[in-house]
Amino acid sequence: MSDPQIEETLEQLKVDADGLYEEHNFTDRRVGSIQRLTPVTREGRPDDSRPVLYLGNTQVMTPVGALPLNFELEADSLEQAVEAFPAAAQAALEQTMEQLKEMQREQASKIMTPDQMGGGMPSGGPGGAGGAPGGGIQLR
């Protein structure tokens with residue numbers, strides 16, 4: 001990296017001292033967790049000028065493994081966050097599934113050339129200098 005690139009990277013890594021939050025995690029050790037983010041000042045004291053935020057975290061099992069879900073909870077208290085959790089998790093799952101379907105549609109619509117697919121003819125053609133198609137495996 002050149003010096004300007006390093007300086008730009010370091011600038012991007014600066015912590016926003018006016019946007020600090022203290023984190024508290026709550027979990028039922030079964031379904032998921034709720035993270036409460038309490039705004040604090042640079043000195044670590046509560047900052048009453050900004051709202052407390054609640055975030056939900058869970059995961060659902062899919063045929064290809066666990067799918068993590070992270071979502072905001074519209075709540076003014078931990079109790080409200082617990083009540084909002086199921087609906088927010090369902091909405092996050094639906095949104096994630098729609099994004100995955102869109103990504104699949106985009107991938108399916110791409111035009112692939114043989115060299116991008118790892119196919120094509122080996123140099124020399126069938127049985128030529130490149131060997132047999134299929135990585136040199138021959139069935140007898």
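The model is predicted, so local features need pLDDT of at least 70 and side-chain atom pairs count only at pLDDT 80 or more, while totals for chains, interfaces and linings use all residues. Residues are numbered from 1 along each chain as its sequence is written, and side-chain values use heavy atoms, with hydrogens and water left out.

**Overall fold**

- The protein chain holds two helices and four strands. Both kinds of element are DSSP runs, numbered from the N terminus: helices are H or I with at least four residues, strands are E with at least two.
- Read from the N terminus, the order is α-β-β-β-β-α.
- Of the 140 residues in the protein chain, 19% are buried. Buried means under 20% relative accessible area, exposed means over 50%, and partly exposed is in between (1.4 Å probe, protein chains only).
- Take the contacts in the protein chain between residues at least 6 apart in sequence: 24% of them join residues at least 24 apart. A contact means heavy atoms within 4.5 Å.
- The protein chain has an accessible surface of about 11100 Å², and carbon and sulfur atoms account for 53% of that. These areas come from the Shrake-Rupley method with a 1.4 Å probe; for residues, only the protein chains shown count as cover.

**Helix α2**

- Helix α2 covers residues 78-109, which is 32 residues. At 1.5 Å a residue, the helix should span 46 Å, and its end C-alpha atoms are 45 Å apart, which agrees. The expected span is 1.5 Å times one less than the number of residues.
- A kink of about 45° sits at F85, shortly before the proline P86. The bend at a residue is the angle between axes fitted to the seven residues ending there and the seven starting there.
- The buried residues of α2 are A81, F85, A88, A89, A92 and T96.
- Their cover includes strands β2 (32-39), β3 (53-62) and β4 (65-73).

**Largest pocket**

- The largest pocket holds about 180 Å³ of space. Its lining consists of T62, P63, V64, G65, A66, L67, M97, L100, K101 and Q104.
- Strand β4 and helix α2 are the elements that each give two or more residues to this lining. The largest share, four residues, comes from α2.
- A pocket is an open set of points on a 1 Å grid over the protein atoms alone, where a 1.4 Å probe fits, with protein on both sides within 12 Å along at least five of seven lines; lining residues have an atom within 4 Å of a point. Grid points are joined across faces, edges and corners, and the volume is the space filled by probe spheres set on the points.

**Single residues**

- S33 belongs to strand β2. At 19% relative accessibility, S33 counts as buried. Beyond its neighbours within four places in sequence, S33 contacts F26, T27, L55, G56, N57 and F85.
- V52 lies in the loop between β2 and β3. Its relative accessibility is 33%, so V52 counts as partly exposed.
- R29 is in the loop between β1 (21-27) and β2. R29 is not a glycine, yet has a positive phi of about 60°. With a relative accessible area of 79%, R29 is exposed.
- E74 is in the loop between β4 and α2. E74 counts as exposed, at 70% relative accessibility. The C-alpha atoms of E74 and F85 are 9.1 Å apart, with the two residues eleven apart along the chain.
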